[in-house]
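Subject: The structure I promised you

Hi there,

Here is the structure that we talked about. Have a look around first, and then read my notes below.

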2 protein chains.
Amino acid sequence: MASSSSLTLSQAILSRSVSRHGSSSSTNSQLSPSSLSLPTFSGLKSTTATSFRRHILPSAAASGRHSAIRASAAVETLEKTDNALVEKSVNTIRFLAIDAVEKANSGHPGLPMGCAPMGHILYDEIMRYNPKNPYWFNRDRFVLSAGHGCMLQYALLHLAGYDAVREEDLKSFRQWGSKTPGHPENFETPGVEVTTGPLGQGIANAVGLALSEKHLAARFNKPDAEIVDHYTYCIVGDGCQMEGISQEAASLAGHWGLGKLIAFYDDNHISIDGDTEIAFTEDVAARYEALGWHVIWVKNGNTGYDEIRAAIKEAKAVTDKPTLIKVTTTIGFGSPNKSNSYSVHGSALGAKEVEATRQNLGWPYEPFHVPEEVKSHWSRHVPEGAALEAGWNSKFAEYEKKYPEEAADLKSIITGELPADWEKALPTYTPESPADATRNLSQQNLNALAKVLPGFLGGSADLASSNMTLMKMFGDFQKSTPEERNIRFGVREHGMGAICNGIALHSPGLIPYCATFFVFTDYMRAAIRISALAESRVIYVMTHDSIGLGEDGPTHQPIEHLASFRAMPNVLMLRPADGNETAGAYRVAILKSKTPSILALSRQKLPQLAGTSIEGTAKGGYTISDNSSGNKPDVILIGTGSELEIAVKAADELRKEGKAVRVVSFVSWELFDEQSAEYKESVLPAAVTARVSIEAGTTFGWAKIVGSKGKAIGIDRFGASAPAGKIYKEFGITAEAVIAAAKQVS
Amino acid sequence: MASSSSLTLSQAILSRSVSRHGSSSSTNSQLSPSSLSLPTFSGLKSTTATSFRRHILPSAAASGRHSAIRASAAVETLEKTDNALVEKSVNTIRFLAIDAVEKANSGHPGLPMGCAPMGHILYDEIMRYNPKNPYWFNRDRFVLSAGHGCMLQYALLHLAGYDAVREEDLKSFRQWGSKTPGHPENFETPGVEVTTGPLGQGIANAVGLALSEKHLAARFNKPDAEIVDHYTYCIVGDGCQMEGISQEAASLAGHWGLGKLIAFYDDNHISIDGDTEIAFTEDVAARYEALGWHVIWVKNGNTGYDEIRAAIKEAKAVTDKPTLIKVTTTIGFGSPNKSNSYSVHGSALGAKEVEATRQNLGWPYEPFHVPEEVKSHWSRHVPEGAALEAGWNSKFAEYEKKYPEEAADLKSIITGELPADWEKALPTYTPESPADATRNLSQQNLNALAKVLPGFLGGSADLASSNMTLMKMFGDFQKSTPEERNIRFGVREHGMGAICNGIALHSPGLIPYCATFFVFTDYMRAAIRISALAESRVIYVMTHDSIGLGEDGPTHQPIEHLASFRAMPNVLMLRPADGNETAGAYRVAILKSKTPSILALSRQKLPQLAGTSIEGTAKGGYTISDNSSGNKPDVILIGTGSELEIAVKAADELRKEGKAVRVVSFVSWELFDEQSAEYKESVLPAAVTARVSIEAGTTFGWAKIVGSKGKAIGIDRFGASAPAGKIYKEFGITAEAVIAAAKQVS
């Protein structure tokens, strides 16, 4: 936290957190990095202390002078810019992309060459950002949904002065360890907001970013203080438009009236397989109108700078609808022999065609050269960005004086610092507490957390009353009530997941949750994978987690899903068995700030078990009962979720017969993996090979836990439609089966 | 095959197959059930021999008299039907649904009550089918995309005389082992075409069914013989409409101009969370118009029978576009206190409300009662259906005389019987054959199979030139060239998978394949799961199967995908290492007629390895080289796909050092699991615990193969953007790592 002293806001936060925490020692432990790492202040995430101070301090001092800089002013100023200079800047972007792809001999030059004009106008004339603090809270957000065109964004970040993309970074495009990977990755490149590449994800992320802005603005802005106020821009390609996820997200954006979402549709008529005529002949503009968007068509996206500017102006004037600006461009614009064809989409132009393009566009420079006048023109963004942030900081300081409570909540959202004692809100249970479905226990936790976490919001894909996800103290986030926190996603699982990624990546303290039946994670798996990769803390509340849902049958009964997520990197898969474990699962999900968590929850009632705990849950696997001594049980029974109860029953019977039996709850494999070898040995001693696991799902993967001499009881077929108890019995997921297996292996 | 003698067509097929196979013994082995089971003639699939003969024979004899029965005639006849009788039939449907849900105390009465009028008109007045042969080839297809309303379909199948849904089946709705599970399942209930429930899948399946009809009609119909000629009907709900998959499929249906696809949109304004106003306010009709559909609005779907009839007539008149008939209905129509609310969607009405509904609709009957006049009215469908089929059989017999070649191909498609010697078309390779990427070798196989399998068709999600999936002898399946077999799906993975499910389930001999990058199975996982559950033989051609794709980076590099499909029931996950294994993978994929296969294929070149074979591939795991004796190697090295080469290199080095090393290719875990214990022991002897596996993916699951004393080399993190060789080295997926591990464990 060494460099925080240079930041007015973070200073305020630090000092305030001291006073709120009551003692400096607890504050320090809260703020220090730990195995369950807490997010640090966004401004400090990646920029080094040195560069941070160098660039921020002078302009912060000059904040009074620059504080009037606003988007409208920027447009006005820059409409007067010499078009020849604009052209030169646009060609700089094109050639930085061409040269980087050429050097890597890998990449996608077509999109950057076609979209350079809109890219230039956005980053040079329209957007408000601070290159030296990519995490400044009130920045405009930009998402390149057509992520393969990432050289467009890298070129723009480079020109704008972002530290992550220097000339050497452009030259190491797509190389090991570079800041310029093959698709935009927020976790690699400060200045990139989200991780795109898988098509359609980005526009849905953008909907999440715009939702966040609309929500926070409604909650925190005051008639005399518009403290939250930014746009979300996005470039989508034909591929994004074809993906169903973009339809889901766009339908919601229209429904919610996200007026500050402006998406550019790069309408270039080319996809990898050739002309879009072969597979994509719908009327996209008419579709978006049907979804409640404002639609504008820029017919000349190649050189029609004023058309693009006018479209953005018009889009901003429409405040109750998102806007789609369809920009007709030529893919690979400037390449005399390859433009307007798929051959320029995804591979280097080749030396000969690069030369021809240089000739064609009149570009006499060496590779990676940025002409002086272009460099000089863009250089103002560093001081202007610093001024924008400083101006906002002053505004926030005033806001804080007038509205201390709101400011405290907003700060928590901006920094990701969790309020003091938030964990105390989690409910606890005893074996005497009533039996209940973990989906209901989940709702108790959600409602408890909603009271203490200012950035907690979420909802379900039209299953709120089945997933039990309503926060009872809040209303619905809707067009006219955006300050509320229950989000109604409709039956749109994939869009829901990606929108939540956008929310989570908007601000470190926004903690979205979303819900559906566990089996329907199949609909949203691509978004969950992005959560994991992009380090986006989304909490996936997945109920009806096994054959225990009964009559809906095999289409609705997860079998392979637990295994499939245990196999996915950086996902916490949690399957709590009762109330304490459900609370423990939520605690971990909140604390793991760079990891999505999936909670698999039961439809059916489960007893509160003796021995379960919030602390044990944090370890992933732990002993809940044991009548052995010397760490040498005759047999270890291992269960998760709804089957832990069965393991307990089997243990009771076996103990009556004189066996020394340990029962282990294996609520999260990933958390257990993180424990020390000593701890693991204390739970699963290597010498005890008599092990039986039980879980109402595939046995795939369990061999690692039970070993080659143990036995895994599970379900390696699809489920069936019948009352749950009947299916459990027919499939042999019973205490009798555990007892028999235990006798067999011990 | 005992009952086949009663069927003219199947007789013809049997006798013809004898002559084509050259010897009766090869024919018998081809037709007899085996572990790689071949589909039998569709007409014989489920109806028992006895019932089949009883119902078919009389009307087959009367085929001359009935052959004129066609949909248009049917409509004409039935438009004159007494509306009071229609009303009674509609209420019968409603109460069968109410009573079944009530008895099960589980299910969804709301949709059947609202959709009973359109359901009645479809099954009683419009559709052509033969209740006693649910698999009659030229039947109209019906898909209930809103699958939770399955009691609608069960009631209709019951009234129409399908053997699968007798009164006792209705009474065992949602019970263990019944033919009436909680959602429609084609593998449980003859008469149900596809498996629905997961929303949006059904409409995409319907697009696949309609595509199949359009394709086969264009290929096989002659000016004097319209031998393929049926409609595909579908009911979709609000939930289906919100899902992105339905947008993807509908966009393609519009693009392809599927004029014989007629979808009813049950516009009831209610979803589980309440009024659709809370999450779904787009203009669905305008959206479908933008997608190139003809759209009709029936404003009174509750009692407007003539409106519904007129809409269908209009839809049929539009032959170049699919039609969406938006039918505004009242969910739970007839229930005085629960209709038009979410409470009637997904649970039993309860005794009191059932009684109130009986009062309200004037229904004096016992539960499950079908009034005599309704029974009598519907009874004509058995003879009429038999006559329809008999008429078509006569027509086909004439067709066969005039067009024997086309008839032979069509028969193969109808029956699923594979042409003689088709396997001989598969290419083989020697270690001297040039190194090549398995995606390229895959294309050689696809093109070889395209020549010999009449029902082989497919394509890619806009990656044909990367997935290498074009069949070079065919053009594109398009609106104006539907006889062609390369399908251009656009960037719509989820829709693609579900459309292929529809194609595969249209006729036993249609074998669809579809392709994208392996990592994007995440987009289509819900459709792949339906393939597995519905026993739909789709071949998933998944290229770029590891970090070996290089620079595109972690968003494009599969890690957990192999494990995630190995964990899914009834999916064959295949990862061939070279040419012979790729051919072997295709062979198995074709032969496994009730199982989808996923082929994971490399982007990068791989050598042709010594010891690989088509026969070995069929066993899933087999020894490709071994210098040990007595089944006692010092160490067993196990590899899959692109890493088998690495295992071979490591073995070479270890053998130089005097070690006895076995190299095992583990191309498919599922196939290995099917082998005998003796065979398994011959490949992986229990006594040899020194085992090392290598695979460029998660190690999750490998513990079962290598055992607790072995070592699994893999990647348990996300990938990276860099040239492939660099990533392999940095991640330790190298021969050196295998050698070190082998020394460690042996």
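Let's begin with a term: buried area is the accessible area, taken with a 1.4 Å probe, that two parts lose on being put together, summed over both. Between chain A and chain B that area is about 7800 Å², and carbon and sulfur atoms give 59% of it. Each side brings residues to the contact: 95 residues from chain A and 95 residues from chain B, where contact means heavy atoms within 4.5 Å. On the chain A side, W176(A), Y523(A) and R529(A) lose the most area to chain B, together 11% of what that side buries.

Some housekeeping before we go on. This is a predicted model, in which local features need pLDDT of at least 70 and side-chain atom pairs count only at pLDDT 80 or more, while totals for chains, interfaces and linings use all residues. Residues are numbered from 1 along each chain as its sequence is written, chains are lettered from A and ligands numbered from 1 in the order in which they are written, and side-chain values use heavy atoms, with hydrogens and water left out.

**Chain A as a whole**

Chain A has 31 helices and 21 strands. Of the 746 residues in chain A, 69% are buried. Here buried means under 20% relative accessible area, exposed means over 50%, and partly exposed lies in between (1.4 Å probe, protein chains only). Among contacts in chain A with a separation of 6 or more, 78% join residues 24 or more positions apart.

S178(A) sits in the loop between α9 (167-171) and α10 (201-220) of chain A. Its relative accessibility is 9%, so S178(A) counts as buried. Not counting residues up to four places away in sequence, S178(A) touches S172(A) and E188(A).

**The nonpolar core**

A nonpolar core is a set of buried Ala, Val, Leu, Ile, Met, Phe, Trp, Tyr and Cys residues joined through side-chain atoms within 4.5 Å. The largest one here has 101 residues, and L637(A), I733(A), L637(B) and I733(B) have the most contacts inside it. Helix α26 (residues 644-656) of chain B gives the largest share of this core, seven residues. Take L637(B): leaving out residues up to four places away in sequence, its contacts include A647(B), L654(B), V663(B) and V738(B).

**Two crossing helices in chain B**

How do the axes of α12 and α21 of chain B cross? Helix α12 (residues 244-256) and helix α21 (residues 493-506) of chain B have axes that come within 8 Å and cross at roughly 70 degrees. Axes are lines fitted to C-alpha atoms, for helices over the stretch in contact, and angles run from 0 to 180 degrees between N-to-C directions. α12(B) and α21(B) are therefore roughly perpendicular to each other; angles under 35 degrees count as roughly parallel, over 145 as roughly antiparallel, 65 to 115 as roughly perpendicular and the rest as oblique. On α12(B) the contact uses I245(B), E248(B), A249(B), L252(B) and W256(B), and on α21(B) it uses E493(B), H494(B), G495(B), A498(B) and I499(B).

**Two positive phi values**

Most residues other than glycine have a negative phi. D421(B) is not a glycine, yet has a positive phi of about 60 degrees. For D462(B), also a residue other than glycine, phi is near 65 degrees. D421(B) is in the loop between α18 (404-415) and β8 (436-437) of chain B, and D462(B) in the loop between β9 (456-460) and α20 (464-467) of chain B.

- T582(B) lies in helix α24 (residues 579-591) of chain B and is buried, with a relative accessible area of 0%.
- N486(B) belongs to strand β11 (residues 486-488) of chain B and is buried at 2%.
- R575(B) is in the loop between β14 (572-574) and α24 of chain B, and counts as buried at 1% relative accessibility. Beyond its neighbours within four places in sequence, R575(B) is in contact with residues including D545(B), E581(B), E643(B) and E695(B).

Happy exploring!

Terms used. Helices (H or I, at least four residues) and strands (E, at least two) are DSSP runs, numbered from the N terminus.
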